[in-house]
Amino acid sequence: MEFLPVYGDTVVAVSDTHRFGTDAILLSHFAMPCGGDTVCELGTGCGAIALRLAAGGAPSAVHGVDIQPEAIALAQAGADRFTGTPKPTFAVGDWSDPRSIAPAGSFRRVVCNPPYFPPDSGGVNPDPAVCLARHEQEDTLDSVCQAAAWLLQSGGRFFLCHRPARLPAVLAALSAHKLEPKHLQPVQKRSDTAPWLFLLEARKDGRPGMEWLPPLVLYNPDGTFTDTYKEIYREIPRKEGDIL
């Protein structure tokens, strides 16, 4: 186990199995809470997103759940070192049983960075913990959206990221649970490449109508980081010589 900076003086405990990547940083920036929101993260893993939301936004409460006790132990280690307010809480929980997570309508925001790879999409990682984090089960998207709909108040917001190839399936699952897509932002490595990720905000019981946001581009043509990407990563303190 080691501790890595994730926002200001906030650190997250990571292991070889449970770590965080660029998608977690981008999603937490996209979903940053304000105005005393209550926030739940589904599939929190090592807690990087939940800890960033607690440190960088203005929530009244942040709660992360994950089905893997080992992940929650890491998330709790990060929470134990958290010096801000409110201190995020973590618990073992299964998004396929949202009633065991919290009563209906407990949160104003729900956030999820779900597994990306659909069933039967190729080989799976032999590590069961990594497999759970990266590979969908048959009902993953439906279960995640059902859990978000249960946990959110009417008008509450659901934030997630996923691969572009899965956008039709994501939209279908959202619609099935009365989560109306409101903002969609593609993420591109360069301005001339296809998106490799999208960030999406949906609203429970929202009216139809979705806004496409300008692409979030990570690299300039010369391979250097764009100003937008550097601005996001300025939230994370780095020593001289570190790379993003």
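Mentor: Let's take helix packing, then the cores, then some backbone details. This is a predicted model, where local features need pLDDT of at least 70, side-chain atom pairs count only at pLDDT 80 or more, and totals for chains, interfaces and linings use all residues. Residues are numbered from 1 along each chain as its sequence is written, and side-chain values use heavy atoms, with hydrogens and water left out.

Trainee: How do helix 1 and helix 2 cross?

Mentor: The axes of helix 1 (residues 22-30) and helix 2 (residues 48-56) come within 9 Å and cross at roughly 35 degrees. Axes are lines fitted to C-alpha atoms, for helices over the stretch in contact, with angles from 0 to 180 degrees between N-to-C directions. Helices (H or I, at least four residues) and strands (E, at least two) are DSSP runs, numbered from the N terminus.

Trainee: Left-handed or right-handed?

Mentor: Right-handed. That is, the near helix is turned clockwise from the far one by less than a right angle.

Trainee: Which residues make the contact?

Mentor: Helix 1 brings A24, I25, L27, S28 and H29, and helix 2 brings I49, R52 and L53. Contact means heavy atoms within 4.5 Å.

Trainee: How much of helix 2 is covered?

Mentor: Most of it: seven of its nine residues are buried. They are A48, I49, A50, L51, R52, L53 and A54. Buried means under 20% relative accessible area, exposed over 50%, partly exposed in between (1.4 Å probe, protein chains only).

Trainee: On to the cores. How many residues has the largest nonpolar one?

Mentor: It has 40 residues, and L26, V111 and L199 have the most contacts inside it. A nonpolar core is a set of buried Ala, Val, Leu, Ile, Met, Phe, Trp, Tyr and Cys residues joined through side-chain atoms within 4.5 Å.

Trainee: Which element gives the most to this core?

Mentor: Helix 2, with six residues.

Trainee: And what does V111 touch?

Mentor: Not counting residues up to four places away in sequence, V111 touches L27, A31, V39, C40, E41, L42, I49, L53 and F159. Another core, of 28 residues, lies apart from the largest one, and A147, A148, L152 and L184 are among its members.

Trainee: What do the buried residues of helix 3 pack against?

Mentor: Strand 1 (2-7), strand 2, helix 2, strand 4 (61-66) and strand 5 (89-92). The buried residues of helix 3 are A71, I72, L74, A75, A77, G78 and A79.

Trainee: Where is T140, and is it buried or exposed?

Mentor: T140 is in helix 5 (residues 140-151). It is buried, with a relative accessible area of 5%. T140 touches W95 and P115, leaving aside residues up to four places away in sequence.

Trainee: Backbone now. Which peptide bond is cis?

Mentor: The one from T85 to P86, with omega near 0 degrees. P86 sits in the loop between helix 3 and strand 5. Most peptide bonds are trans.

Trainee: What about phi of K178?

Mentor: It is near 60 degrees, a positive value in a residue other than glycine. K178 lies in the loop between helix 6 (167-176) and strand 8 (179-188). K178 is exposed, at 61% relative accessible area.

Trainee: And D205?

Mentor: Phi of D205 is near 60 degrees too, again positive in a residue other than glycine. D205 is in the loop between strand 9 and strand 10 (211-212). At 44% relative accessibility, D205 counts as partly exposed.
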